[in-house]
Amino acid sequence: MYIMPDEKVAKRIARRQLIPMFRNTPKVAEYLSPRADGVTTLHVNFTNGMDLMMAWASSAAAMASESIRYLFFDEPGKYPEWSGKEADPFSLAEQRQNRYENTSKLMYFSTPNLQDDPFDMLLKTEPDEVRYYHARCPVCNELQVMENHNIHAAGCKDHREIRRKQLARYSCVKCKMDWDDYMRNKAVSAGRWKAVHSVERPVAVAFRGLASWYSPFVSLSTGLAEFFKSKDDPNKLQAYYTQHRCEAWAERVENKIESELLEHKNDIPPGIVPEWAVALTCGIDTQKIGFWFVVRAWGDDLTSHLVQYGYLSSFEDVEATLFSTTYQVEKSGGTMGIWRAAIDTGGGQGATEEETRTEEVYEFITRMRYKYGEKVLYGIKGASRPQFTRVSPEKQVESKPTLLARQRWRGIVTIRQLDTYQLKSLLHWRIGRKEKPVDENGDEMPSESQRFYLHSETGMDYARQFLAEELHKDRRGRRYWKQVGRDNHLLDAEVYAAACADSSWQPNLSGLARHLNSVKTTAPPESDTDGGSQNQCGGWIPKRPRAGSSWVNR
Ligand SMILES: [Zn+2]
């Protein structure tokens with residue numbers, strides 16, 4: 001019996017992969033049943049008495065009367081959750097093997113997902129023996145597990161160049177010969193599975209997955225380019241780990257304490273913008289009364305600095321912060337206004353009070369658009385389920401027939417949905433980014449991108465709110481953020497400010513930084529005659545660069 005996650009997958013795999021493979025394998029094809037109903041997507045009969053049954057997680061129970069000698073579980077991590085009423089498909093299916101005590105076989109195969117999820121635990125705890133694939137060097141014959149740190153591109157770190165010029169090579173651990181893709185293929189086909197610690201007559205054996213650099217279908221350059229492309233983004237890096245390295249991903253979020261977070265304070269006082277900043281974003285968390293907000297400055301590598309945080313009691317205060325406040329830039333006469341702000345529209349369903357608050361926010365966004373004509377303020381809300389991107393494309397506010405008032409905002413107010421789970425993980429990952437990282441030999445390495453700073457007077461109140469949620473795991477190994485502190489509003493505000501600068505919010509901040517750099521190099525700055533008064537507030541993509549002002553800030 002071959003058990004897949006659901007019926008659709010079961011039928012598709014049978015039709016597109018298994019049956020064609022049987023038909024194309026002469027030895028097996030000989031035994032395929034000649035009867036018209038002998039080979040279907042749900043079962044394959046062989047003339048020697050063997051039957052292959054396809055099943056899926058929820059249908060395993062229906063097979064109660066069958067005895068099964070060989071059981072295959074395909075992608076068990078993707079099986080849907082089963083209710084407590086029925087037994088799980090694993091034990092149900094395994095009971096089918098009772099008749100074959102000494103000759104049964106049980107196979108699980110899965111792509112890796114998260115560290116310590118059920119499948120990863122199975123791999124860690126069950127096997128008597130773990131086998132790794134060893135490639136054999138075509139030059140010196142050394143058998144070796146291919147590790148990713150032996151793949152290099154002669155110092156090139158540009159993913160486009162690596163892929164275009166096919167620069168990646170694998171260095172043999174013994175003779176240091178650089179294998180290209182052709183030699184790699186030879187090395188892999190001459191290799192074999194080998195246990196790290198072999199035991200006599202193992203009962204359970206794990207074959208650790210083959211990383212992409214073993215595959216004749218994937219160039220070494222593709223894998224290495226993918227690494228350089230994803231190394232500064234935890235979500236992409238996760239995909240690289242599971243898809244290319246074939247390893248479970250360890251989410252490196254440790255629950256921190258307030259004093260550790262406050263170590264990220266630098267000596268820039270509140271209200272002052274660091275000189276490396278290219279733009280300011282603002283996140284506003286709407287309360288029943290008033291608003292919590294943060295203003296964050298961003299550099300072109302998405303390193304950021306908390307300029308200001310606090311509580312605003314009215315829409316008028318929000319307006320003043322967004323459109324009339326200018327922040328002084330450190331070590332220069334220039335000032336900077338908010339480039340982009342995101343306000344939580346709530347959008348709760350049902351509760352009358354919340355509906356009214358949402359209406360008020362829509363109305364405020366509309367009024368700001370008319371008054372200032374600039375797009376600075378945007379409506380956002382948290383998505384209830386995972387999204388493909390951290391920030392969704394903008395959507396029209398939905399109008400409900402029961403809510404005539406909402407019709408008024410159609411075409412004016414748009415909102416973006418945020419994957420707050422991903423954004424919170426990203427914030428915590430940024431907290432771990434280092435200014436002066438050291439490698440294994442204790443040598444200093446270049447600063448990491450996306451570092452996270454706080455102004456010099458950031459207090460315990462901020463730290464408590466920021467750390468008011470912790471990463472927890474449910475019993476299926478899935479991660480979620482759980483509120484553990486009383487107030488998490490500043491965390492939400494930081495999430496919104498980060499969303500404003502996120503690569504998935506188009507046009508994004510990196511594009512803006514590139515634009516500023518090109519303006520800076522092509523047009524020499526003019527004198528500061530019109531610097532002080534005009535357009536100091538709000539959306540500030542410059543018509544032209546001005547010396548002493550904050551548009552081009554380096
Ligand atoms: Zn060698």
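The dialogue below goes through a few features of this predicted model.

Me: What kind of model is this, and how are residues numbered?
Reply: This is a predicted model in which local features need pLDDT of at least 70 and side-chain atom pairs count only at pLDDT 80 or more, while totals for chains, interfaces and linings use all residues. Residues are numbered from 1 along each chain as its sequence is written, and side-chain values use heavy atoms, with hydrogens and water left out.

Me: How many helices and strands does the protein chain have?
Reply: Helices (H or I, at least four residues) and strands (E, at least two) are DSSP runs, numbered from the N terminus. The protein chain has 16 helices and 25 strands.

Me: In what order do the strands of the 5-stranded open sheet stand?
Reply: Two strands pair if DSSP finds at least two bridges between them. Here the order is 2-3-1-4-5, with mixed pairing. Strand 2 (43-45) and strand 5 (105-109) each have a single partner strand, so one side of each is left without a neighbour in the sheet. On average, neighbouring strands of this sheet are turned by 15° against each other, direction ignored. Axes are lines fitted to C-alpha atoms, for helices over the stretch in contact, and angles run from 0 to 180 degrees between N-to-C directions.

Me: Which strands does helix 1 touch?
Reply: Contact means heavy atoms within 4.5 Å. Helix 1 (residues 7-24) packs on the sheet and touches strand 1, strand 2 and strand 3 (51-56). The direction of helix 1 makes about 150° with that of strand 3.

Me: How many bridges join strand 4 to strand 5?
Reply: These two strands run parallel and are joined by 5 bridges. Aspartate 74 stands opposite phenylalanine 109 in strand 5. Strand 1 (residues 2-4) and strand 4 (residues 70-74) also run parallel, joined by 2 bridges. Tyrosine 2 stands opposite phenylalanine 72 in strand 4.

Me: Where do side chains point in a regular strand?
Reply: They alternate between the two faces of the sheet.

Me: What is the pairing in the open sheet of 3 strands?
Reply: The pairing is antiparallel, and the order is 8-9-10. Strand 8 (151-152) and strand 10 (178-179) stand at the edges, each with a single partner strand. Between strand 9 (residues 169-171) and strand 10 there are 2 bridges, and tyrosine 170 has tryptophan 179 in strand 10 as its bridge partner.

Me: Is serine 384 buried or exposed?
Reply: Buried means under 20% relative accessible area, exposed over 50%, and partly exposed in between (1.4 Å probe, protein chains only). Serine 384 has 77% relative accessibility, so this residue counts as exposed. Serine 384 lies in the loop between strand 20 (377-382) and strand 21 (395-396). Serine 384 and tyrosine 421 are 37 residues apart in sequence, and their C-alpha atoms are 9.8 Å apart in space.

Me: What share of the protein chain counts as buried?
Reply: Of its 554 residues, 47% count as buried. Valine 205, which lies in strand 12 (residues 205-207), is partly exposed, with a relative accessible area of 30%.
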